[in-house]
Structure formats: structure tokens, C-alpha cells
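Subject: Handing over a structure, with notes

Dear colleague,

Please open it first and then read the notes below alongside it.

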Number of protein chains: 2
Amino acid sequence: MALSRNSIRFLSDKAARFVPKTGTYPKGFLVGGIHCGVKKDGKSLDLAMLSNEHSNEAVAAGVFTKNKFKAAPVQVSSRILKEKKGEGINSLIINSGNANAVTGSQGIKDANDMVTVTDSVLKNPHNSSLVMSTGVIGNNLPIDNILGGIPKLALDNLGNTHDHWIKCAEAICTTDTFPKLVSKQFEINGVTYRLAGLAKGAGMICPNMATLLGFFVTDAPVTSSALNQIVKYAVDRSFNSISVDGDMSTNDTIVAIANGAAGGEVIDNSSSSAESFVILQNEITSFAQQLAQLVVRDGEGATKFITIKVKDALSYNDGKKIASSIANSSLFKTAMYGKDANWGRILCAIGYSNVASDHSINPNKTSVSFIPSDGSEKLNLLVEGEPETVDEQRASEILQHEDLEIEVNLGTGGGQEATFWTCDLTHEYVTINGDYRS
Amino acid sequence: MALSRNSIRFLSDKAARFVPKTGTYPKGFLVGGIHCGVKKDGKSLDLAMLSNEHSNEAVAAGVFTKNKFKAAPVQVSSRILKEKKGEGINSLIINSGNANAVTGSQGIKDANDMVTVTDSVLKNPHNSSLVMSTGVIGNNLPIDNILGGIPKLALDNLGNTHDHWIKCAEAICTTDTFPKLVSKQFEINGVTYRLAGLAKGAGMICPNMATLLGFFVTDAPVTSSALNQIVKYAVDRSFNSISVDGDMSTNDTIVAIANGAAGGEVIDNSSSSAESFVILQNEITSFAQQLAQLVVRDGEGATKFITIKVKDALSYNDGKKIASSIANSSLFKTAMYGKDANWGRILCAIGYSNVASDHSINPNKTSVSFIPSDGSEKLNLLVEGEPETVDEQRASEILQHEDLEIEVNLGTGGGQEATFWTCDLTHEYVTINGDYRS
């Protein structure tokens, strides 16, 4: 039995399809999740922890929200990461149910206290932990419940089984309908390494920092500088290439931690380990994409998973801006929900995307197609600026699928490609967000 | 009886409240609307015309969509306006039901033919008319129906009564639930002038060109250069300060026409007529705001009319960017629909707005309040960065009102103010846009 008893609330169709029944997890990390008393139902898991138990000190890299109103845990974690230059970061403490955002000086004190108590219980040196929070904005944390929960979690509820990982993933969820957990193995120079990560998402997901929260860990040996470079690259192409509703939260944080527990040669970003670096970067990027896609799968109220691929852009940034513009168009998203092949809305969104140059988009070179998820032939909607006579029956068949793919070919000759993932905008999204706090 | 028989489809609560029963219209302009065979129900009005019948040639100014995919009528009208330097523009021809957008070279020919036939029937010199279209993207116009309708409309269905104006406003509607028509009088130097205008809106409304379509006319005497300057100023603070869903259409067009039929001294933008210029600019700006607000009132599926006022910004542009960011947040808009005083989402949207400088937003100086529409005391949610203990009962009372006002005070010392209008995001919006074409 893979799912813990607390998972009963997640017994949805999506939970069945997207929550793994097993996994292989990086060596040397313990994780867990408990209910400590932030969530008001008195039982849902709301406190998660990760601890590096290996004798190596771990290195870390993080990407944080660009929102001007940075939540207290974002301020505290980014400060610690900077002060420690990404080295000696051995644990994470995360609560859900309250974002500790816009909570003034008390909020900063609470976030620092979470770090201090975690370090103390885990016998870490001072400031070896990062802290994250997610949930409602503007209320102070029930800090006594959290500080009381930390020893209970650290001493009695950490482990490295699949069930521990599931509980950890559950404990960071808010409106998520299933916990998001991914693990995989890969090899570099004959040594097997593991990656595991989890995320929470659902609403308030947009480019420039998605999932509210997520972290992934590996037992590969890597310098903090190389990890930092890899994480920025990977997040750009994963968590910063997804959108649920275009909102950027005060709390968005992705952290990666590596403890080198699996051994092998240390990977850095000098030319001498170039090949290993590229392998690790590719592994982490595709892993981060897998995790980020789960966030889109669980977009609040979503019924469609939509891939937007922009080809032959002048630059990667152009392609990404255009894909993002489509992904964030409410009109496009409602059309996909309504299974309406309204490619005019796709063009509209291409046309108002804020691309760099006048040559980035040429209406007479632009083509748009649906790529069916069953592998059947693609359906052209617009070919070099001229509308096709669309077989509405065929379009309707394609749009019945849960997974949709839109391909935009800009025909600029630039040859660059960007991919973005989004979901539809549904009645259920409005229902969930019309009354989130009650 | 003010409403025409065709208005039966508009007999909603909003039509009763927002459609005027009478009006005073500028001298020398004839208008009208008929069904010519674009809309498929065989009866809804779909062709509108305005004609300057005064002996003065009229001057015009226009603001067009910045979307890279400009519809054929946008390309044709902006070319004519440029070629004629805004002078000698005596008529407008507008169809609804089909946007003539992404329609290739045939689309351009059709738009030009609409201009040519209108000029010919009205005995205008060549290229004295502007053309607009609104509706579905990507299908060629049923051009024979339109060209056949133009003489019928011009010869038998133009007039200057309130009923003619209502029909003209109806004939440009698509998913609108009521026709949008405003008229008013004002004085400059003891001479009475009139302004009348209409717009269509509903979905795909966003900053940088809203309402899809709108025009207003005056019998005041003004140079084309002065009119151009005034229209840009007014549209920036009206149609470009509203948002329904953040999408910018391929067809957005606002045109102003002045024929000077009421006499008086010609207003230009030289220092000699500075006072008259400012009066006319203020009159046109507040008039354009009134018209633009009707578009928000009729936002697709909207149940709330929301004013967002940003005070004490470093610059007008900063204030507008922040107001726009709030107005376009799906999370904010669903919270207002759900009558949820979730000010955290307002802060979030302030925080990710793309303002100019680091000093534009200071989290510790920012205050947010609800201004009740019944004139009762304002409710502070956040004061200089510190959350207030919100009286939820009181918040709930305020949020019951149809009209809501959010006041953000940035406390920068810059003293600039910007106002934005938007509506909520509702189940009905999703329903309408999930199946627009069928």
C-alpha cells in the first residue's frame, strides 16, 4: 500500500493516474510530513521536512519569486542561501495552510524561528535550513503549533520510504487535488544517481516562478556553483514555462539540494567536467519539467493539459513570450475548455505578445496547427497566414482529448523553439477561487 | 418609445438601467443600423453607418489595436486616416458578426470595397469613409450582403433621432447584452456643443485598446491635429484603462469625428486657444470614460463593476501599470465574484506589476482599502504594509454591492494617480467563451 492513510482525501481520478505507487529515492535524505495544527480541519498534513543525514554537507540552489511583496520565508531563505553561498544547507522545513506573507516583523521572526528550531532539533549548525510556507496571505502563523510540531516530525516521523515521500508531498499541498512527487535514476560515468522532488501548485501559477513551492534533491556530487547554474536553466524551462492563471505569488520558491551521497567525481561548471555537467543539466531539466507538468495537470479546475510549442522563433525568449501569451489568454483557455477550435484567439494572443523586434512575428509566415495526442496526423488551422478550411468534425475529435498540443510555426528562419504548458479555464476554477478562504 | 423593435433581445436589467431613453445629438450627423445578412439569425442588426451631412468637411482621429495581426478594416482605416491626415473623413461603415480578420488579400479587398461603395452611395470624394468590423476571426465576409446593404442603409435608414442612434449602437454589438450609447452637451465660450458616441465591448477587452469598436462625434469645431492629441489623451484614460479579460483584439478601433456644425471659433492646439482646448479635452475624456465604463458594465458574464484607484504613485504610468495588474488578475477577479475580501491577491498583483523603478513600490508604505459605493466609511485592509484585523461582516456587506472600489495608496510621495475599471471573472464568462462560435 503506497498511499498513507491521510491520502484518503486525494482519492481522485488524477491521484490514481499521477501519483506514483513506488519510487527510488536519493541516498542520505530523510523526509516526512505530519499535521501540526495549521490547517483547520485538525488532521490534514501541514508540516513537511527534509533532512540530509549523510556525512557530506549538502549544497543548495534556489529560485525565488520576483514579486515585490516577498513573503517572510522567501526573505529568510534567500538570505540564508546567499550568506552560505549555497553550501552547508542540510534541511528544509515547510508548512502549508498559511503563507506567512504580508505579516510584518512578526512574520520574519516566525520564519527565523522555524529555521532555528529545525537546526537545533536536527543538530545542524546555525542557519543550515531553508524555510517555505504556502497558503493564505496576511495572517500570522500559528507559530506555537509549528514549533511544537518540528521535534515531533524530526524525531518520530522522518524516513526514506515511498510512504514518507508521499506524506512529505501531501504536507505541502493546499488546494491541490493530488500530491506531486517524481523520482528517477540516471547514470553519469557508470555511477547511478537518483533524483526525487515534489511540488505544490494548483492556483496562482504563472511564468516567472510557478508552483508556489517545490524542491528536488539528488545524491549526485555537484558544486554549489554548478548546481546554481543548472537550477536556473532547468527552472526557466520548467516551472517558469507553465501557467495556470498568470498570477505570481509572494511565496514561489524552488530549491534543489545535492548531498553527493552516491559518490563519483564531483561535477562542476569548469570545462574539465563539461560532459558530466551537460548530462546532469539535461537530467535535472527534464525531471523539473515532469514535476512542473504535474502542477499544470492539477491546475485549479483544469480539465485539459495543453502543450504550446512555438517553432522557428528568432530567439528562445521570443518563442517563450509568444507561448506564454497564448497560455495566459483567458479567451484561449476558455475555448479549449469548450472544445472550440477557435484559432483566432491563438493568433490574437500571438499578436499582442510583447516580443523584441518587428521581425519576431510576420503574419504572412505564421502557421498554427493542432497536434493530436493520439499520434494521428496534425490538423492545420492556419498556413503561412492563410486560414485553412477546417474540418470541424476532425477538430472536435482532437479537442475531446485531455491532452492537447498547439504548434505555432513563426517561419522567421531563426530556428529557435520554446515549449510552454498550461491548462484550460473552467467553471470549477471560478468556483474554487471565488471562495478560497472559507 | 425609445428602443427600436429589434431591441427586444436587449430587454435585460442592464439594458433597462444603462441604455438612455433619450439623448441630444450633434448637429449634422446621420446614423442608422439595419440587418444586412452577416449575423445568421436573419434579423439582428449587423450593419451600422454614420454620415456627416453638414456642408463642412469633417475631421477625424483614430486609435487602433497594437496587435501584430491587424484585421483588414484596421489596416484600411488607418491607411486612409494617415493619407488624408485626418481631414475630409465624412462617414463610417461598420459591420458586426464577422471581424474580417486573418482573411488574407480577399479581406483587404472587401474592406476597401466597403469604403468605396459607402463613398459612392453617400456621394463622398474617394476614401472619405472609415471601415470597422467585429465578430468571429478567420472567415471572409459575406461581402455581397454587406455591399447590398449599404445603399439600403444609406438611402432609407439614416436619421438623427434617438431611435436611429440606438439602432446604430445595436448594429455594432456581438455578445453585448445592451447597446452602449452616450450623449451630452457642454459649452465653450458660450456656444453649446454636443457629443455622442457608441461602443461595443463585452469580451476580449484589455488595456491598450479596449471595446473592439467605438466612435464618438461632436459638432464642435476643432482641427484634426488638436482632435488627434485629445483623442490619444482621452483613450489612454478611458478605453485603455479598462479590462475585461486582458485580451487585445485584432480589430480594436476608436474613432472620433468632428464637423464643427455648431459653429464658434475653431479649437486648435496652439497656445491661442489653450483654454478652449483644455475644456474640450476634459469634456471628451470624461465622455470617453463614461462610454468605456459601459463596456466594463457589460463585461462578459460580469456581476461586479470594479474601480481601482492607485494614489500617490511615482508617475501616472506606474499607477496605471499597478491598477492594470490588479484588474487583470484572475485570482482578484474571481475573489470579487465570490465576495471574498482576499486583499492578499491585490497585494500579489501589485507586487508583480511591471513598474519602472525599485522605488515605485515599497511594501512598508503600501495601503489598501475598500471604498463602499454607498458612501459609508472606507474599510482599511492594509495600512503601510501592516494587515488590519478586518471586520469580515463589514467587508461582506461592502462586497454585496454591484459597484466596488479598491483604493491603493503607494505612499511614494510622487502624488500621481491613475484609475482603472474592470469587472469580475464569473462562471458565466467561462460559459460564454467556452462556446462562442456555435
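**Where the two chains meet**

Between chain B and chain A there are seven residue pairs in polar contact, both residues being at pLDDT 80 or more; a polar contact is a pair of N or O atoms within 3.5 Å, where within protein one must be able to donate a hydrogen and the other to accept it, and where residues adjacent in sequence count only if both atoms are side-chain atoms. The elements that give two or more residues to the side of chain B that touches chain A are helix H9 (330-337), helix H10 (343-352), strand E14 and helix H12 (427-434) of chain B, and H10(B) gives the most, with eight residues. Helices (H or I, at least four residues) and strands (E, at least two) are DSSP runs, numbered from the N terminus.

Before going further, please keep in mind that this is a predicted model, in which local features need pLDDT of at least 70 and side-chain atom pairs count only at pLDDT 80 or more, while totals for chains, interfaces and linings use all residues. Residues are numbered from 1 along each chain as its sequence is written, chains are lettered from A and ligands numbered from 1 in the order in which they are written, and side-chain values use heavy atoms, with hydrogens and water left out.

The contact (heavy atoms within 4.5 Å) takes 54 residues from chain B and 55 residues from chain A. Together the chains bury about 4500 Å², of which 61% is on carbon and sulfur atoms; buried area here is the accessible area (1.4 Å probe) that two parts lose on being put together, summed over both. The count of salt bridges between chain B and chain A is zero, a salt bridge being a side-chain nitrogen of Lys or Arg within 4 Å of a carboxyl oxygen of Asp or Glu.

**How the copies are related**

A rotation of 180 degrees, with 0.0 Å of shift along its axis, superposes chain B on chain A with an RMSD of 0.0 Å, and the two copies are thus related as by a two-fold rotation axis. In chain B, the C-alpha nearest that axis belongs to B:His427, at 2.5 Å from it. The same surface serves both copies, as 100% of the contact residues of chain B recur in chain A. The superposition is by least squares on the C-alpha atoms of residues with pLDDT of at least 70 in both copies.

**The seven-stranded sheet**

In chain B, seven strands form an open sheet with mixed pairing, in the order E9-E16-E11-E15-E12-E13-E14; two strands pair if DSSP finds at least two bridges between them. Strands E9 (242-243) and E14 (386-387) of chain B stand at the edges, each with a single partner strand, so one side of each is left without a neighbour in the sheet. Strand E11 (residues 305-313) of chain B pairs with strand E15 (residues 403-409) of chain B in the parallel sense over seven bridges, and B:Thr307 stands opposite B:Glu405 in E15(B).

Two residues of chain B call for a second look at their backbone. Most residues other than glycine have a negative phi. B:Asp312, found in strand E11 of chain B, has a positive phi near 50 degrees. B:Glu384, in the loop between strand E13 (379-383) and E14 of chain B, has a positive phi near 45 degrees.

In chain A, seven bridges join E11(A) to strand E16 (residues 416-423) of chain A, and these two run antiparallel; A:Ile308 stands opposite A:Phe420 in E16(A).

**A covered strand**

Strand E10 (residues 253-258) of chain B is mostly covered, with six of its six residues buried, where buried means under 20% relative accessible area, exposed over 50%, and partly exposed in between (1.4 Å probe, protein chains only). Six bridges join E10(B) to strand E3 (residues 59-64) of chain B, the two running antiparallel, whereas strand E8 (residues 213-218) of chain B pairs with E10(B) in the parallel sense over six bridges. B:Phe64 stands opposite B:Thr253 in E10(B), and B:Phe215 has B:Val255 as its bridge partner there.

With best wishes
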